[in-house]
Amino acid sequence: MMYRLIPFVVTATIATAATAQDAPNTILVLDGSGSMWGQIDGVAKITIAQEVVAELLSDFPADQGLGLTVYGHRERGNCTDIETIVAPAPGTAASIVDAVNAIKPLGKTPMTDAVIAAAEALRYTEDSATVILVSDGVETCNPDPCAAARLLEEAGINFTAHVVGFDVDDPEAIAQMQCLAEETGGKFLTAANAAELDLAMTQMVSAPAPEPEPALVPVTFTAIEGADGPVIGDPVLWSITGADVSDIAGNPYEMELPEGSYVATAYRVSTETALDAQFIAIGDGAEVVITFPVPEVQAKIIGPDEAPLGATIQVGWDGPDGDRDYLAVGKVGETGYANYTYTADGNPLALQMPPETGSYELRYVTSDGETIATAPITITPVEITLDAADEAAISEQLSVTWTGPDYARDFIAVGVPGENAYINYTYTEEGGTLDLQMPTEPGAYEIRYVLGQGSTTLMTRPITVTDTKVTLIAPQTAEISDEVMIGWDGPGFDRDFISVGEVGESGYINYTYVDDGNPLALQMPAEPGTYEIRYQLAQGSEILAQTTIEITAPEISVNAPSEAIAGSTVTVDWVGPDHDRDYIAVAETGASNYVNYAHTNNGNPLELLMPVEPGDYEIRYVLAQGSTVVASQPITITAVKAGITGPANANIGDTITIEWTGPDYARDFIGVGPVGETRYLNYTSTEAGSPLGIEMPTEPGTYELRYHLGQGSAIIYRQQITVDAITAELVAEDSVVAGTEFVVGWDGPDYPRDYIGISVPGDSAYEDYAYTESGNPVSLTAPDIAGDYELRYFINQERTIIGTRMITVTK
């Protein structure tokens with residue numbers, strides 16, 4: 001029968017067994033008794049054993065200690081035939097194979113003593129030792145293998161005997177072998193043939209397979225504040241019971257743990273609190289969330305025990321200083337507050353006290369309205385005095401002397417007793433003695449010291465306001481817009497005034513301040529009717545006295561021609577009051593505005609310029625007061641005629657001669673401009689006479705010659721003219737020396753102040769020039785810098801270039 005072991009498996013298992021037992025030396029104890037000549041499947045058992053050992057040790061590690069003990073191989077019937085042929089040492093594999101192959105089975109089976117001998121060879125009482133016994137028969141020498149095994153186990157440091165029963169079916173032999181193995185903590189296996197011997201030895205010599213590494217589970221630990229709240233930002237320490245984790249900082253904190261049950265402890269440093277959570281690490285991962293309660297916010301507020309009402313005190317605080325946290329002062333037991341200031345404004349803070357005495361508290365309040373700190377404070381009264389006359393006239397400026405806290409925007413007021421509103425006031429910052437204006441109605445009033453905070457009245461004193469006598473002296477009648485003299489007798493307070501207005505209406509038409517004199521001039525209304533003249537207080541425009549006056553219209557008329565030519569000046573006779581800045585105007589019929597005007601103080605009759613547009617108009621007498629039209633006369637404006645006679649064509653820049661007909665009003669002019677536009681490019685006043693010269697534009701094209709009225713530049717005649725382009729020719733040397741004088745011949749229009757210039761190409765300026773009127777040719781001086789230049793013929797009008805030539809300047 002053919003059989004083979006897998007060498008690397010057996011070798012590895014022996015080495016693994018040694019490693020598992022702290023690398024003990026090992027002795028293979030082989031049965032060499034006569035029974036090993038027995039056959040299995042026609043092959044001697046000793047032969048099978050030899051081949052198995054040879055395969056086993058063919059690549060055994062050289063650094064692994066191994067020895068060989070054989071029994072029953074030398075003498076028949078001798079229980080002491082036990083020999084350690086190869087002492088345990090590294091690198092003995094080949095020697096052991098040779099020794100095993102040389103065995104000739106002969107004798108008895110002293111397997112127990114052989115194991116003892118092997119143990120002694122391994123110095124089992126000093127070092128870990130392993131014996132691997134392969135035997136096929138019952139113990140024939142030692143009567144009690146079990147007892148011997150117990151003694152070996154007790155005496156040995158770490159002694160183990162593994163036993164393989166090869167082709168053994170004797171129950172006694174099996175029991176002996178099993179006892180020998182079990183008493184020393186070894187393995188006992190049986191093998192009936194070569195294959196089973198291979199498997200048995202493999203299992204026997206192999207150390208128990210190491211436990212598989214436990215699966216690692218990723219776990220995230222997170223501490224939050226409040227249910228579904230945010231992750232805690234301040235330090236958190238983690239300890240994991242069942243893992244090597246203690247006081248590790250982090251939040252979240254991540255780690256891998258073997259599958260299992262654990263307890264996580266989170267310690268929040270800021271609050272010195274710890275919370276536990278039991279969890280299972282299993283599967284793809286675990287998340288452990290520990291929820292800490294939202295800590296109670298701590299704060300402190302410090303201020304004085306008492307303060308005067310309305311005073312501003314300094315308050316210190318210690319707290320979270322959250323966005324829009326604030327300090328407040330409020331009544332004890334009430335939720336509302338009197339005043340507040342945000343903690344963001346500093347520490348300490350200025351906080352104004354309430355305007356009423358009593359028991360209050362200073363508070364630190366968070367942005368969500370929670371009061372987290374308080375301090376009691378008592379608000380005490382302040383001393384106030386008021387001193388003034390017991391009686392005053394209406395609207396009089398009464399002198400009041402006071403003492404009091406004089407907080408910002410405190411004021412002294414006068415009002416009706418029992419009413420919160422006041423009539424007049426003056427701030428205490430105006431001084432310890434101040435003027436307070438009395439009401440305009442006589443009666444019983446009170447003077448008050450009022451805190452700016454909440455307009456809280458702290459003190460009052462009574463005052464009687466008496467009526468005052470007022471009289472007016474005025475004429476019974478007057479003409480419209482007349483200035484009449486009004487006498488008056490009254491209080492004459494600052495900015496009191498005399499006015500005229502319609503009877504029964506509160507508004508007035510004209511007025512004059514009483515401080516303008518007595519009597520004073522007051523202009524009457526511009527419309528006839530019954531009016532009243534009044535004495536009015538500056539305070540509230542209160543009327544203290546009035547008298548009626550009848551306003552009549554005087555004879556007013558204008559007299560002018562019924563027809564006039566547009567733009568002409570007509571003579572207007574007029575009759576009217578001739579008040580300062582009254583005027584005669586011409587306007588379109590029905591229009592509120594006017595076209596032209598002349599003041600009546602220009603004389604009678606006066607000259608008035610007519611509009612330039614034909615149509616229906618009216619001449620008006622207009623009062624300066626309110627631009628009131630009090631007389632009018634219609635007038636028809638007819639078109640004015642004009643004409644221009646001139647050439648149909650002209651050259652650019654040329655001055656042409658034209659004849660014209662037209663009204664020749666002051667500032668009329670002949671202009672030239674683009675067709676269809678109102679603007680003009682050049683012009684000559686008609687006062688120059690006819691014919692006159694006008695300069696043409698510098699750009700070729702179709703233009704218009706126009707007659708413009710001086711009034712509004714109105715165009716009353718147009719005639720087209722074509723303006724043609726012209727060129728000029730320049731003659732000069734191709735090059736000249738820098739800084740030298742040279743001549744340029746020219747052929748051009750020679751308009752007044754035309755000139756020849758030399759310029760840098762592309763530059764609008766010139767280096768030198770000469771007027772064409774100076775002759776032909778002209779002299780120029782070459783630039784000092786060599787290079788290419790351009791000779792140019794300029795029309796003086798707009799410096800228009802009509803001819804060029806290149807010239808080189810050399811050194």
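Me: Leaving aside its neighbours within four places in sequence, which residues is Leu608 in contact with?

Reply: This is a predicted model, where local features need pLDDT of at least 70 and side-chain atom pairs count only at pLDDT 80 or more, while totals for chains, interfaces and linings use all residues. Residues are numbered from 1 along each chain as its sequence is written, and side-chain values use heavy atoms, with hydrogens and water left out. Contact means heavy atoms within 4.5 Å. Leu608 then has these partners: Ser568, Thr569, Val570, Val572, Ile584, Ala585, Val586, Asn596, Tyr597, Ala598 and Ile619.

Me: Which residues touch the most other members in the largest nonpolar core?

Reply: A nonpolar core is a set of buried Ala, Val, Leu, Ile, Met, Phe, Trp, Tyr and Cys residues joined through side-chain atoms within 4.5 Å. Buried means under 20% relative accessible area, exposed over 50%, partly exposed in between (1.4 Å probe, protein chains only). The largest core has 128 residues, and those touching the most other members are Ile498, Leu608 and Ile619.

Me: Which strand gives the largest share of this core?

Reply: Strands (E, at least two residues) and helices (H or I, at least four) are DSSP runs, numbered from the N terminus. The largest share is five residues, from residues 371–380, strand S23.

Me: How many residues are in the second, separate core?

Reply: Among its members are Ile40, Val43, Ala99 and Val134. The size of this second core is 31 residues.

Me: Is Thr112 buried or exposed?

Reply: Thr112 belongs to helix H4, residues 111–121. Its relative accessibility is 1%, so Thr112 counts as buried.

Me: Do H4 and H5 run roughly parallel or roughly antiparallel?

Reply: The axes of H4 and helix H5 (residues 145–155) come within 10 Å and cross at roughly 15 degrees. Axes are lines fitted to C-alpha atoms, for helices over the stretch in contact, and angles run from 0 to 180 degrees between N-to-C directions. Under 35 degrees counts as roughly parallel, over 145 as roughly antiparallel, 65 to 115 as roughly perpendicular and the rest as oblique. H4 and H5 are therefore roughly parallel.

Me: Which residues of H4 and H5 make the contact?

Reply: H4 supplies Thr112, Val115, Ile116 and Ala119. From H5 come Pro145, Ala148 and Leu152.

Me: In S37, what is the bridge partner of Met485?

Reply: S34 pairs with strand S37 (residues 520–523) in the antiparallel sense over four bridges. In S37, Met485 has as its bridge partner Ala521.

Definitions and conventions. Two strands pair if DSSP finds at least two bridges between them.
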